[in-house]
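Hi there,

Here is the structure I promised to pass on to you. Please open it beside this email, and then read on for what turned up in it.

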Amino acid sequence: MKKGFWNYLEKWRGLFSRRRVLRWRGGWLQNGYCRDCRYCCGPQDSSKPFPMALLPRQLHEGMEEDFYMLDGHTAYMDGRGCKACTRTGCGLPREQRPVACGLFPFVLANGNLYAYKTCPAVLLTPPAELALLGLEAARWLAAFSLEDLRRLSLDIAAPVLAEKYISLSIQVFDREGVNLQLR
C-alpha cells in the first residue's frame with residue numbers, strides 16, 4: 001500500500017460527507033460507496049494481478065470481453081482496473097460478477113474473512129456494524145460448497161494480510177471443511 005491509513009481516511013471523508021448504505025440485500029453486499037469510489041475496480045496502484053475466481057456457473061463464452069483473464073476460470077485486475085468498470089459502476093449483471101465483487105469490502109483469504117483497510121465502507125462504517133456485516137458475509141459464504149470456497153479463497157501471505165487487511169477473526173473453512181457454526 002503506497003498511501004497510508006490517514007491519507008485514505010482524509011480522502012474518503014472529503015468525498016463522502018455522509019455515510020452510505022452498507023447492507024446485505026438479495027445475497028449481495030450493497031455497498032453504497034462503490035459507485036462513486038471505484039478504487040478497487042478502477043486503475044490499481046499495482047501492476048501485480050489481483051485474482052478473482054469465477055465459479056463454474058459463471059463461466060461463459062466471451063469472458064475475455066468482460067475480464068482480463070489469468071486462466072480459464074480466474075479473472076483479475078491490475079494497474080488497468082477491471083474491464084467491466086464504467087463511469088456509472090459495473091457494467092455486468094450480478095450473476096456474471098465474481099463473488100469477490102459481491103463481498104467487497106470483505107475478502108476471503110486463506111479460508112478466513114478480512115476487511116480491506118483502505119475501502120471507504122471500512123473506514124466510515126462503525127466497527128460493530130462492520131463486524132456484524134462480516135458475520136453475515138461469512139454465513140453467506142458457508143452455504144457454498146467446500147470446493148467453491150477453496151476456489152474463491154485467495155492465498156495471501158501473512159505480511160500482505162497485515163499490511164492491507166483487517167482480520168475479522170472469522171474462519172469460513174479449513175482443511176477439514178466448512179465452519180458448521182456459520183450455517
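This is a predicted model: local features need pLDDT of at least 70, side-chain atom pairs count only at pLDDT 80 or more; totals for chains, interfaces and linings use all residues.

**The hairpin**

Strand β8 covers residues 106–109, and strand β9 covers residues 112–116. The two strands pair in the antiparallel sense, over 4 bridges. Together β8 and β9 make a hairpin with 2 residues between them, and Asn110, in the turn, has a positive phi of about 55°.

Now look at the two faces of β8. In a regular strand, side chains alternate between the two faces of the sheet. On one side of β8 you will find Phe106 and Leu108, and on the other Val107 and Ala109. These four residues are all buried, so both faces of the strand are covered.

**The cores**

Phe106 comes up again in the largest nonpolar core, which has 48 residues. Phe106 is one of the residues with the most contacts inside this core, and others include Trp12, Leu113 and Leu141. Helix α6 (residues 127–142) gives the most to this core, with 6 residues. There is also a second, separate core of 9 residues, with Phe67 and Met77 among them.

Leaving aside neighbours within four places in sequence, Leu113 is in contact with several residues, including Phe106, Ala137, Leu141 and Ile170.

**The cysteines**

How many disulfides does a search of the whole structure find? The search finds 0. As a reminder, a disulfide is a covalent bond between the sulfur atoms of two cysteines. For Cys34, the nearest cysteine sulfur is that of Cys40, 5.4 Å away. Because a disulfide needs sulfur atoms within 2.5 Å, Cys34 is in no disulfide. For Cys37, the closest cysteine sulfur is in Cys119, and the 6.1 Å between them is too far for a bond. Cys34 has 32% relative accessibility, so it counts as partly exposed, whereas Cys37, at 19%, counts as buried.

**An aspartate in a loop**

Is Asp78 buried or exposed? Asp78 is found in the loop between β5 (74–77) and β6 (85–86), and its relative accessible area is 9%, so it is buried. The side chain of Asp78 makes a polar contact with the side chain of Arg80 (2.8 Å). Leaving aside neighbours within four places in sequence, Asp78 is in contact with Gln44, Ser46, Ser47, Lys48 and Pro49.

Enjoy exploring!

Notes:
Residues are numbered from 1 along each chain as its sequence is written. Side-chain values use heavy atoms; hydrogens and water are left out. Buried means under 20% relative accessible area, exposed over 50%, partly exposed in between (1.4 Å probe, protein chains only). A nonpolar core is a set of buried Ala, Val, Leu, Ile, Met, Phe, Trp, Tyr and Cys residues joined through side-chain atoms within 4.5 Å. Contact means heavy atoms within 4.5 Å. Two strands pair if DSSP finds at least two bridges between them. A polar contact is a pair of N or O atoms within 3.5 Å; within protein, one must be able to donate a hydrogen and the other to accept it, and residues adjacent in sequence count only if both atoms are side-chain atoms.
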